[in-house]
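Please look over the structure below. The report that follows takes up selected sites one by one.

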Amino acid sequence: MLLAKARELVRSHVKSDNLLRHLLQVAQCMNYYANFFHQNNEEWVVTGLVHDLDYDTTKHTNPPDGHPYLGVSILKNNGFSDSIIEAVLGHADYTNVQRVTQLAKCLYAVDELSGFLNACSRVHPSRNFEDLTFDFVMKRFNEKSFSKGISRDVLLRGAEELEVDFRQHVENCINALRSDIWFWP
Ligand SMILES: [Fe+2]
Ligand SMILES: [Fe+2]
């Protein structure tokens, strides 16, 4: 039911293909880590799906109607749990909501990294995740001009908070991005 509700909210609030792709990719990574840490797949996938729910419709990042505050009020009105809401608030450093749970730490760790890996896949000769490797990703990581908007410090900090070695974290997320999107029919 939670997943059905999340899908419905994504369908009604997300306007752009880019945002939908991002949400699905983050959810793929969350699904992977739910298995990895033996957690509840539905809760973790849903957190990935809804974390940027309001991104297409918000114009700024201040409460109450900026990102992710507007999304959080939509989630509250739809009965989403405090743990999901805390994780969504925690994915944006500027909310100053601490990432306490593994769910929140994982969302933070996969949010920017999945975007970075998506950018890497686009410049890879094969244009897909199948042939993407850690070494290829690290070359792009060390190119300052590549995906300038993605802070390398945030990528490293995410893995550190999650207590997963950075190489393993990158490889986990590459594997995740190769997997089926079973949660989005
Ligand atoms: Fe966000
Ligand atoms: Fe995001």
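## Thr95 and its loop

Thr95 sits in the loop between H5 and H6. Helices here are DSSP runs of H or I with at least four residues, strands are E runs of at least two, and both are numbered from the N terminus. The model is predicted: local features need pLDDT of at least 70 and side-chain atom pairs count only at pLDDT 80 or more, while totals for chains, interfaces and linings use all residues. Residues are numbered from 1 along each chain as its sequence is written, chains are lettered from A and ligands numbered from 1 in the order written, and side-chain values use heavy atoms, with hydrogens and water left out.

Is Thr95 buried or exposed? With 12% relative accessibility, Thr95 counts as buried. Buried means under 20% relative accessible area, exposed over 50%, and partly exposed in between (1.4 Å probe, protein chains only). A polar atom of the Thr95 side chain lies 2.7 Å from the backbone oxygen of Leu89. Beyond its neighbours within four places in sequence, Thr95 contacts Pro68, Tyr69, Leu89 and Gly90. Contact means heavy atoms within 4.5 Å.

## Iron ion (ligand 1)

Three residues supply the protein donors of the iron ion (ligand 1): Asp52 (OD), His67 (NE2) and His91 (NE2). They lie 2.1 to 2.3 Å from the ion. Donors are N, O and S atoms within 2.8 Å of the metal (3.2 Å for Na, K and Ca); water is not among the atoms, so sites may look incomplete. The sequence spacing of these donor residues is D-x14-H-x23-H.

Asp52 lies in the loop between helix H3 (41–50) and helix H4 (69–77), and His91 in the loop between helix H5 (82–90) and H6, so this pair ties together parts that are 39 residues apart in sequence. Asp52 is buried, at 7% relative accessibility. His91 is buried too, at 8%.

## Iron ion (ligand 2)

The protein donors here are His22 (NE2), His51 (NE2), Asp52 (OD) and Asp111 (OD), at 2.1 to 2.2 Å from the iron ion (ligand 2). The four donor atoms subtend angles of 84 to 176°, which makes the arrangement irregular. Four donors count as tetrahedral if all angles lie between 85 and 135 degrees; four count as square planar and six as octahedral if opposite donors are over 155 degrees apart and all others between 65 and 115; anything else is irregular.

The donor residues are spaced H-x28-H-D-x58-D in sequence. His22 in helix H2 and Asp111 in helix H6 link distant parts of the chain, 89 residues apart. Both His22 and Asp111 are buried. Which residue coordinates both iron ions? Asp52 does, and the two ions are 3.9 Å apart.

H6 has 22 residues and reaches 32 Å from its first C-alpha to its last, close to the 32 Å expected at 1.5 Å a residue. The expected span is 1.5 Å times one less than the number of residues. Of the 22 residues of H6, 16 are buried, so this helix is largely enclosed by the rest of the structure.

H9 (residues 166–177) has 12 residues and reaches 16 Å, close to the 16 Å expected. Its buried residues include Phe166, His169, Cys173 and Leu177. The buried residues of H9 pack against helix H2 (17–36), helix H6 (102–123), helix H7 (134–142) and helix H8 (152–162).

## Leu155 in H8

Leu155 belongs to helix H8. At 2% relative accessibility, Leu155 is buried. Leaving out residues up to four places away in sequence, Leu155 touches Glu112, Leu113, Phe116, Phe141, Ile150 and Phe166. Leu155 and Phe141 are 14 residues apart in sequence, with their C-alpha atoms 9.6 Å apart.

## Cysteines

The structure holds zero disulfides. A disulfide is a pair of cysteine sulfur atoms within 2.5 Å. Cys29 has its closest cysteine sulfur in Cys173, at 3.9 Å, too far for a bond. For Cys106 the closest is also in Cys173, at 7.3 Å, again too far. Cys29 is buried, with a relative accessible area of 0%. Cys106 is likewise buried, at 0%.

Note on methods: Polar contact = N/O pair within 3.5 Å; in protein donor to acceptor, adjacent residues only side chain to side chain.
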